[in-house]
Amino acid sequence: MLSIPDLIKKKRDGNALSDEDIQFFLQAVVEENIQEAQTGAMLMAIFMKGMVATETMALTKAMKLSGEVLSWPKEWAGLVVDKHSTGGVGDKVSLVLAPALAACGLKVPMISGRGLCHTGGTLDKLESIPGFNVGQPLPKLRSILAEVGCVMVGQTVSLVPADRILYALRDATSTVESLPLITGSIISKKAAESLNSLVLDVKFGRSAICKDLASAKALGESLVTAGNNLGMNTRAVFTHMSNPIGRCIGNSVEVIESLETLKGKGPSDLMELVSTLGGVLLVMTGKVSSLSEGGRLITESVTGGAALAKFQAMMVAQGVSNENAQSLCSAQADYHSILRRADHQTELRTHTQGVVMEIDGLVLAEVLHQLGAGRTNAGEPINHSVGAELLVSLGESVNKGRPWLRIHFESPALTPDQTSRLEGALTLGGSGDKPVRGSLIEEMIPPM
């Protein structure tokens, strides 16, 4: 007869849990037949002792089957895709990529998350648009997907309930970084979407969960293996995450930058990620035969306006008024007539002249978090208007006194310590220096 204390002890002592052990544990979690302290103890045992590949696979599969698994019409076979990012600063890729993929004929049921600590959340960004409802019931989700081709929602109560419970406790028990727990959380949700193809943007660098390429590759290989074993064609792309992506960090300002990108006026680093990740999915679904062709089609869907039209249709389908959606997507949009603007803005200026070598995205995100742009605990409210705009680019020569950062804030104001930290986030070099970052894409791994 299985018992929770025996299972905790088994993993605590470094032994592998059987499929039956894992199913018993997760069933107890979902049915609340377990003390929260026991769940936390098991998470810590997994964190400390790890899991072999068969355990990780069993955990991921059992989490997927802990709730409802979505199903799609037969005519969508091979076309249902999604993308997942392991989190970064200024990462608004999903807001551009999902409608671009829809414009290329794919179906994108993007079930996203909220920001926690310094990383931003797709749902929080979308909710800065008045009326945008990320809580669509499953029948409505299917109808939006049929009509528009993309939908961006939060995790439902019935979808992977085991993950919803464990995710909150992982943060409370300092077990977030556990590779098998990360794998189970990400892949179980994507598998419950019944995807045909999944591309993973695994980030590494100072502003990412993985600080170096080696740890990112270990995570990426675990995610790809689990995804493919659950029947999803899965690929990982490893991308740099130290400097912010694009020029804006924060919820409403990132929506503005995403809309500008969908109008063909986006920053090159953001478009590199969008076209690469989208190109990979177009190859995986057989829409194109090469990454270059796939990237070209994604770029054309953005520059030609098809992706913008999909984003506008998705906004309306998810509760935004026709008038607001049309206004936001117009060529000369007055964004702040619809999106909330912070009460105050202040600019930081350079103390010397030089070449912009680096902008520490982690510092910017942490200060913005303190100003109200993010949350420390799940469920906390955030201020969508708090954010920052970069006024300089990597490699740009700047004179002393040049404005380089604009902070949007309300209350409280910047403290002297926060101002000092922000000033230290900018690294300037000499006239002959060049920043090291070129392409954000480091390498890829194909499906296993």
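**View 1. Helices H16 and H17 in this predicted model are roughly antiparallel to each other.** Helix H16 (residues 361-373) packs against H17 at an angle of about 155°, the two axes being 9 Å apart, and since angles over 145 degrees count as roughly antiparallel, the pair is therefore described in that way. Axes here are lines fitted to C-alpha atoms over the stretch in contact, with angles running from 0 to 180 degrees between N-to-C directions. The contact (heavy atoms within 4.5 Å) involves Val363, Leu364, Glu366, Val367, Gln370 and Leu371 of H16, together with Gln418, Arg421 and Leu422 of H17.

**View 2. A cis peptide bond joins Ser411 and Pro412.** Omega of this bond is about 10°, and Pro412 lies in the loop between strand S11 (403-409) and helix H17 (416-424), where helices (H or I, at least four residues) and strands (E, at least two) are DSSP runs numbered from the N terminus.

**View 3. Val160 and Ser174 are residues with positive phi, Val160 at about 45° and Ser174 near 55°.** Val160, which is not a glycine, is placed in the loop between strand S3 (150-154) and helix H8 (161-172), and counts as buried at 0% relative accessibility. Ser174, found in the loop between H8 and helix H9 (179-192), is exposed with a relative accessible area of 52%; buried means under 20% relative accessible area and exposed over 50%, with a 1.4 Å probe and protein chains only.

**Notes.** Residues are numbered from 1 along each chain as its sequence is written, and side-chain values use heavy atoms, leaving out hydrogens and water. Because the model is predicted, local features need pLDDT of at least 70 and side-chain atom pairs count only at pLDDT 80 or more, whereas totals for chains, interfaces and linings use all residues.

Notes: Angles under 35 degrees count as roughly parallel, over 145 as roughly antiparallel, 65 to 115 as roughly perpendicular and the rest as oblique.
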